[in-house]
Amino acid sequence: MNLTVKDLGEQGLLPILQKYCPAEIIGDDGAILSLKEGYSLVVTTDVLVNNVHFSDITTSPEDVGWRAAAANLSDLAAMGAEPLGITVGLALTPNLAIDWLEGLYRGLSSCLQVYQTAIVGGDVCRATEINISITALGQVAKNEEIRRFNAKVGDSIVITGYHGLSRAGLELLLHPETGSNLNSSQKKRLIQAHQRPRPRLDCIPHLQKIVKQFPIAGMDSSDGLADAIIQICRCSGVGAEIERIPLHPTLKEYVGAEKALEWALYGGEDFELVLCLPPDSARELLEKVGEEGAIIGQIVPGKEIKLADGRNLSLSSGFQHF
């Protein structure tokens with residue numbers, strides 16, 4: 001028998017969800033978490049809506065859970081923060097299968113376990129469409145936060161990995177016939193980039209050493225690389241010269257160099273970090289983050305953001321909710 005949310009009701013549902021949470025933390029009206037002395041609390045929230053951020057066509061419930069956790073952990077990484085825990089708010093349709101809901105929580109837990117993070121609370125209510133609201137809590141040493149307004153003229157612009165792969169993975173899932181020029185491992189690489197992104201919390205220990213010496217500007221690239229560069233420059237009151245955007249060979253083979261560049265700039269949901277820091281520190285960071293990272297340009301005086309071909313970078317092709 002395929003049980004639904006309506007079959008169990010709220011009181012029957014809660015024990016199923018609570019088994020994914022630490023027993024010593026959940027059960028009261030709120031979670032009690034401790035901060036290290038000299039640290040600030042970082043709070044970030046993302047809302048995911050069925051048929052907007054995910055669908056049964058492209059994303060299993062496990063992948064929905066992984067992506068939901070990864071998106072919020074990525075925001076913490078963008079602030080230079082270590083995760084403390086997440087809360088999960090669910091608006092569920094009465095006929096939603098319990099198997100789907102458990103799959104969601106298995107995906108959440110799988111991602112969180114990689115980063116030693118727990119689900120510390122949440123809420124459930126009835127709705128006409130599935131909505132998932134994740135709030136992530138993190139901590140960062142005071143005065144060592146990564147902020148968008150810290151970019152300075154002369155800083156190098158660093159990305160921690162390739163862009164455009166998630167957009168390509170989504171295209172393959174929606175239109176699998178378009179991947180006839182790719183082998184199975186290439187397809188898997190692109191699809192995994194979309195379904196199982198990795199928040200770059202692995203960069204935090206290296207960034208913590210640098211930010212003690214110099215302020216770092218940065219954010220994640222969840223809304224696209226172009227968006228991240230423009231947001232940082234606007235907040236910092238500076239311009240930028242983008243010298244090169246590395247393109248993954250599989251991405252270029254799949255759609256050609258021109259489309260690959262468009263997806264790298266505007267595709268979104270790659271969840272890499274975009275950082276501005278002194279050149280020597282940028283090179284030092286790249287030695288730690290791996291060969292997929294790159295210096296793509298530099299911060300310059302003024303307000304213009306120029307690509308290598310002389311065009312101004314804009315948000316005209318970027319993702320917008322409205």
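The model is a predicted one, in which local features need pLDDT of at least 70 and side-chain atom pairs count only at pLDDT 80 or more, while totals for chains, interfaces and linings use all residues. Residues are numbered from 1 along each chain as its sequence is written, and side-chain values use heavy atoms, with hydrogens and water left out.

**First selection: H4 and H5.** Select residues 165-174 for H4 and 184-195 for H5, whose axes come within 7 Å and cross at roughly 105°. Helices here are DSSP runs of H or I with at least four residues, strands are runs of E with at least two, and both are numbered from the N terminus; the axes are lines fitted to C-alpha atoms, for helices over the stretch in contact, with angles running from 0 to 180 degrees between N-to-C directions. Among the H4 residues that meet H5 are Leu165, Leu170 and Leu173, and the H5 residues they face include Lys187, Leu190 and Ile191, contact being defined as heavy atoms within 4.5 Å.

**Next selection: H6 and H10.** Move to residues 204-211 (H6) and 279-289 (H10), which pack at an angle of about 160° with their axes 10 Å apart. That angle makes H6 roughly antiparallel to H10. On the H6 side the contact is made by His206, Leu207 and Ile210, and on the H10 side by Ser281, Glu284, Leu285 and Lys288.

**Beyond H10: Gly290.** In the loop between H10 and strand S9 (294-300) you will find Gly290, which counts as partly exposed at 32% relative accessibility; with a 1.4 Å probe and protein chains only, buried means under 20% relative accessible area, exposed over 50%, and partly exposed in between. A distance drawn from the C-alpha atom of Gly290 to that of Cys276, 14 residues apart along the chain, gives 17 Å.

In strand S1 (residues 39-49), pick Thr44, which is buried, with a relative accessible area of 14%. Leaving aside neighbours within four places in sequence, Thr44 is in contact with Asn72, Asp75, Leu76, Ile134, Thr135 and Ala136. With Asp75, the Thr44 side chain makes a side-chain to side-chain polar contact at 3.2 Å, meaning a pair of N or O atoms within 3.5 Å, of which, within protein, one must be able to donate a hydrogen and the other to accept it, and residues adjacent in sequence count only if both atoms are side-chain atoms.

How values were computed:
Parallel < 35°, antiparallel > 145°, perpendicular 65-115°, else oblique.
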